[in-house]
Amino acid sequence: MEHNVERNDPVGAVMVVGGGIAGIQASLDLAESGYKVYLVENKSAIGGHMAQLDKTFPTNDCAMCIVSPKLVDCGRHRNIELLTDSDVVGIQGDAGDFTVQVQTRPRYIDLDRCTGCGDCADVCPVIIPSHFDEGLVVQRAAHKLYPQAVPNAYAIEKRGIAPCRDACPAGQRAQGYIALIREGRYEDALRVIKEDNPFPGICGRICNHRCEDACNRGKLDDPINIHALKRFVTDKVYAQPRVPPEPAERVHDQRVAVIGSGPCGLTAAQDLCRMGYGVTVFEALPVAGGMLRVGVPEYRLPSEIVDREVQDIVDLGVELRLNTRVDDLDDVFREGFDAVLIAVGAHEGRMLPIEGIDLPGVMVNTSFLRDVRLGASPDIADKRVMVLGGGNVAVDVARTAVRLGAGEVSMACLESRETMPAHDWEIEAAEAEGIQIYPSRSFKRIVENEENGIGGLECLNVTFMEFGADGRLTLETDPHSEHIIMCDVVIFSIGQRAGLGFIPESTGIGVTRQATIAVNPNTMAATRPGVFAAGDATTGTAFVIEAVASGHQAAESIHRYLRGEELEQPPKPELPVVDLARAEIGERIQRGEVEVTPRVAMPELPVEDRVANFAEVETGYTDELAQAEAARCLACGICSECLSCWYTCQADAINHDMLERAQAIQVGAVVLAPGYEAYHAEQSSEYGWGRYPNVVTALQFERLLSASGPTHGHVQRPSDGETSKRIAFLQCVGSRDQTHDYCSSFCCMYATKEAIMAIEHESDTQVTIFMMDMRAFGKGYLEYYHRAQERYGIRYVRCRVSKIRQDPQTHNLLVRYVQDGAEGPSIVEEEFDLVVLSVGVEMSDGVRELGRRLSVDLDEHGFCRTHPLRPLQTSRPGIFAVGPFRGPKDIPETVVEASGAAAAVGAVLAPARWTRTEDVVYPPERDVSEEEPRVGVFVCHCGSNIGGYLDVPSVAEHARTLPGVVHAEDNLYTCSQDAIQHITEQTRELGLNRVVVASCTPLTHEPLFQDSIRQAGLNPGMFQMANIRNQCSWVHPDQWDAATEKSKDLVRMAVAKALRLESLRKTEVPVEKAVLVVGGGVAGMTAALTLADQGFPVHLVERKDRLGGNLRNIMHIVDWESGKAQGNGKGKLVWHDSQAFLQQLVERVDSHSHITLRLQSEFLESTGFAGAFTSRLRTANGVDEIRHGATIVATGGVEYRGQEYGYGSDPRIVTQQEFEARLAQADDPSSGSGQGLPDSVVMILCVGPAERYCSRICCTTAIKNVLALKQRNPQAQVTVIYHDIRTYGFMERLYQEARRQGVMFVHYEFDQKPDVRVTDSGLQIAVREPVLGKDMVYHPDMLVLSMPVVPPEEVDELATRLKVPLDLDGFFLEAHVKLRPVDFSSDGVFLAGMAHYPKFLHEAIVQAQAAAARAMTIVSRDVLEVGGVVAEVDVEKCVACLTCVRICPYRVPQIQAEFSGVGDIVGAAYIEPAQCHGCGICVSECPAKAIQLVRYRGEQIEAQIAALLEPEMVEVCE
Amino acid sequence: MTEQDETNGGFEPEITVFSCIYCAYMAVDTAGVLRIRYPANTKLVKLPCTGKTDMRYLMEAFEQGADGVCVVGCPIGNCHHVHGNERGQARVKYTKQLLDEIGLGGERLEMYFVSGGMGETFANAVRGMTERLRALGPSPLKDG
């Protein structure tokens, strides 16, 4: 227990790490008791594992039904700040004052703007496995974690930059358009391409597609055929009539001149025009497009594509001046341009200075190709054409010559065939067309023939060539290799350069030695201010995509220049490039997400059809081929930034530029609730998970069972979707094995639950559960297990399955295990349709990392190390741990710990309570009771979620016609922040006194809208909602008219109710700060001290004459410390002195100034309600009356003492507590150490009532005492006769240690109980071992019986006096087994310790802290608000018949004698508003109709019914 | 699944649903989230708990022209108000008898128990009810 307030001025804020049920409960308890809470969750929504569950045991409650209200409370609590997608990365400071570093990953969707409508997910083309559905189905990269997620907002999963995009100079989002092609959304795909590149059709054909070289898919089979897909999509869209783009809006006066209409100039022109500048492009040639139009042959790039893409740019409003050569740069400035971009390309072909270049028939590449494209082809028919050069342009020239009918075409180049710079596929295509290649030649001269024409080319063979780092060529030739290649035409294609005659030196534009324009490569700025240059003119020839990239860059710089900004952009943080490791791809194949399929080949024209003309060689994909190829994409980046979401989101919530955010948060304490990770089942390869489709994990099965899961709750097997009739569960997968020395605690129960649910779904399902022990140790668990066997026929087989095989035909599974029998062990193999692996609990790497960052001590499995007497305290003061992080545990225990942590935090932070919290201040409430109704109706489109499926404006129109309605409007998103503000304003300005919103579900949105009218001074009761999304548009999407009419009906109904609404009356009741604690055992004392230490007065009442309760019987407790922790490989037992602990507790209670202790006293009765109870106590001195705000019941339990197994008949037959006392006595030096201890002991577990309910602690207590005996008398022979060994969690280690020490464990069945006899020769115990069928007989010195914990005497009477219920076994019954484990259903009364159920000391301590925390949520306030939706009695109608008194599930109504009922009879019912839960059961049962429920009055409901069905029935009341 | 549209000239029964604000209302929400279709003539009135079901409301719905009425609550044993749904169930049973007696037919009224995730179950229930009412024909009270 933590009781040292270390600082006087701590920070009144707490950080809770982990948003599962533990974190949620801790946050709510902390926020409710006066602390500001930062809840850090690393996913995009809170909810944790519990949100994934279908049902919860043992009540079979729907997990989502019970957790969802807590999610909503947490999301809306004004003192809880949710930090989703966040991790704690560091911490400084000490308890009371920490600074925590929190890193928040971008979710790319603005939480404040997102309305959760889901339009982004509808258009997102990227498919990923759904983590929430455990990989059983896919989801989109833009997704909401689950339908009820809090925050109710979408998130985009983005891993990094796909390598295809990274490799592209222009950053083309190839992954994005590929995904859209897969979906058949070609227009959208083209839009994505155009985001980065105005020339998709062009690049689809002639780009050198470095993206494909980078493609991760290449590591698996072939890279995606990206260029073919790009071309496909442009062909597809361009086959449609062109729709000219909207002209760009002119924003700036400034004008920019672009010289050159090639890809670089036009890209820049487009960008600048879109930015709002005036742009003029100067082009010397009669056509635009630069090299694209005049340098690339038609067969590779048809002119109409160039023309179309150029026209799209011109239509934006770019002025294009063709046939306009710029001769003098200064002319351009004189014309008034503010900036100039030189993008003239490299259009001057180069020749070599060799003999013969003046001969007719010698040409250069650029002019040759240009003449061909402009319709002035040279006549080379039947001539022998020699092309000099080995690059791609040379190939273009040669292949063009083929098409012009040349007799033969050859190429000669310096490089070897292997090192030719042209792409391999270009060279191959050339060779296929009959072009002869002469590699490794240097050209000596062009030989003149007799007709003064070309006769041939004289060459030398190259023996060595290399370009040095400075670009200079080293060349060696064989001087004796002179030879002549005969030809008639020589075309040089050895390079091009820019024509820079228009910028003489006098213009101030610097030029490099390579005859390119000198620019700053970061900004494209030339040496003269206002002049920029880009593209080939600055770099020499490059590819189109580089020109495009360069154009974008130049445009950005020019924009910055014209805006007067620094030209150099500050560096932007960038996402990493995703490099998928081969192993990761392998895992995806194993999970079935990826199939090995080669790339879909691009169909081509046969060679014979292509050499005679300029038709395109590659014919392009069909739809089917393209989609098949697109489906191969591995979606490396996950989100591809295709921007589909951005275009569709009407709330303007998408922001792909979000960055990771780091913040330092000051808090006084930290609660760690990071939760668990399910064991990775693939590690148990013998069970085939991942390889056999019908082997699933329990979490996957949970999703299959869930009605909102991937199969809508139909248990279909993954392999074929068939129902599974034979299901096997394998227990202890990843628990109780060589690598896990602990039990995962809850798998036995969840397997049983899942089995029951499977049978509930399909009644003829047969389920077998293979297990070692049935660990049904919680409240109601054993009964649940019995029901599973008896009512559902579930078969439990005690064994560990060794292996599973799959029948390859049926995908059925053969489960192999060893069955012990009378004839010895035998191997059995059984066939099942589906196998569920009950995977255990592990700590994730992230949790280990968290422990390391926070310097919190973890064990070798990553669990947090805590001390049994200070269970929630980590090794670092001020940091607390709860939930599975402390060891495997189920939901109720986790919730108890979460509340307990809230109390433990208080020990550090109590002085700072309410210092960091905020109160919302509302304007004073307007009294509208005398006003005529003035209803305002707001109808929501919810983006397209409602508006796309029904006529929203006509619904608003209809609302306007309804009586009482003075205003109706429709809104795009009614819940957006501005719309909320708007409702407040309209309410105020129009004097509305009732507001109706027709939108989505009140379960999530009602409080938000109520808040908006409170801001306008209207009582929140004057609000009504109509759910036209969940009940109309979403469920009738193809019935426009019917959905519209139904929406009108629902709005009419809401208005009818609104007319009759009344203010919800809340009154403030002052809170009594004291707490009454009943029971002075460890739970009561702990609760009392927890409260008293934090300043609350406590009345502690104990029936006996001394404190201590059951702890007086516990002499020692034991823990196991693993060998790894000690570094010696061997573990050891660690004993703790529980009596010393008790002593301390008693002393502190006795001396505490805030605790009033009453021994030998009893609780008599209580009146009042939460916050204001009055109780009477009988004390040694008479009856005391006290006032208190809350009550904690901690009356404990006692060891059962029955006559089973001869107990009481012989002193050698003792209970565990008696045995423990004897062990302690033996330690007393006066009795002689080790003396009087038996040499042989038999223990029998599960005695008496323990057959009915598991007493939880007996197995471990027995083992503890065995170990204590063995420590004192190592020779002692011990046999434990058990039914199940339930050493759950880490206590499994004690069980293992006992086995190591040679303790014998013998199983028995309840129908064959051990037979105990006291004979003359001593004790004789006989038991039948059921598996072997053998009778075993023992003659021990002592028989120790594990008697269960039972409730103390007279508990029934106490329960009646407290007005709280008991369960069938006599333990107090909490409000909800799962989520309200320390609350009673009556507010303000809590329970702790063994009064609730048998439990260990550390569990009782935690639960006592939890009860104190829950009580503090009441007594830490000065006033409580009561009232609202409550039942009210009209005493004049009441006949005091007691119906309501009997029927109320909360025992609230009472007959008050001072009231007069019908006809002045004495006594009438009274319902205390502070206690009423507002269910209305009493209203309907009351025979005199004397009770009404606020907000659900008879006339309100009847008006709704009438308005719904009869439109004319809506009328103003009164 | 496509719903029968109203153009087929068939009779489209009007169903009033009374649901509690816990599991049942959440199940109706879930049907929406999962886009599970059901007949558009199904319209819902909220009650705080099905324990608040009153015979008067059920009869009022028929009087106002409903062809059928459904009451939907939490699963038995999971009522958020302990046993309100059982109270509601008893009243529905009693009202069914009464409907039989007055000749309207108890089969026009039904109670269902669903948990929050069971959108499909809710949709199936009202589909089934629609089928049943189509066979029964319009409520005799409708134009009376």
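How many salt bridges does the rule find across the interface of chain B and chain A? The rule finds 5 there, and the views below show this interface and several sites within chain A of a predicted model. In this predicted model, local features need pLDDT of at least 70 and side-chain atom pairs count only at pLDDT 80 or more, while totals for chains, interfaces and linings use all residues. Residues are numbered from 1 along each chain as its sequence is written, chains are lettered from A and ligands numbered from 1 in the order in which they are written, and side-chain values use heavy atoms, with hydrogens and water left out.

**View 1. The interface of chain B and chain A.** Here 55 residues of chain B touch 56 residues of chain A, contact meaning heavy atoms within 4.5 Å. About 4700 Å² is buried between the two chains, and carbon and sulfur atoms give 59% of that area. Buried area is the accessible area (1.4 Å probe) that two parts lose on being put together, summed over both. On the chain B side, B:Met26, B:Lys52 and B:Gln64 lose the most area to chain A, together 13% of what that side buries.

**View 2. A salt bridge between B:Arg87 and A:Glu1485.** The closest N and O atoms of this pair are 4.0 Å apart. A salt bridge is a side-chain nitrogen of Lys or Arg within 4 Å of a carboxyl oxygen of Asp or Glu. Over all chains, the structure holds 117 salt bridges.

**View 3. A salt bridge between A:Lys194 and A:Asp312.** The N to O distance is 2.8 Å. The pair joins distant parts of the chain, with A:Lys194 in helix H6 (residues 186–196) of chain A and A:Asp312 in helix H12 (residues 303–314) of chain A, 118 residues apart. Helices (H or I, at least four residues) and strands (E, at least two) are DSSP runs, numbered from the N terminus.

**View 4. Packing of helix H5 (residues 174–182) on helix H21 (residues 623–630), both of chain A.** The helices pack at an angle of about 130 degrees, with their axes 8 Å apart. This angle makes H5(A) oblique to H21(A); angles under 35 degrees count as roughly parallel, over 145 as roughly antiparallel, 65 to 115 as roughly perpendicular and the rest as oblique. Axes are lines fitted to C-alpha atoms, for helices over the stretch in contact, and angles run from 0 to 180 degrees between N-to-C directions. A:Ile178, A:Ile181 and A:Arg182 of H5(A) make the contact with A:Ala626, A:Gln627 and A:Ala630 of H21(A).

**View 5. Packing of helix H9 (residues 226–238) of chain A on H21(A).** The two axes come within 10 Å and cross at roughly 140 degrees, and the helices are therefore oblique to each other. From H9(A), A:Leu229, A:Phe232 and A:Lys236 meet A:Asp623, A:Ala626, A:Glu629 and A:Ala630 of H21(A).

**View 6. Two cis peptide bonds in chain A.** The bond from A:Phe57 to A:Pro58 is cis, with omega near -5 degrees. A:Pro58 sits in the loop between strand S3 (55–56) and strand S4 (61–62) of chain A. The bond from A:Val150 to A:Pro151 is also cis, with omega near 0 degrees, and A:Pro151 belongs to the loop between strand S10 (142–143) and strand S11 (155–156) of chain A.
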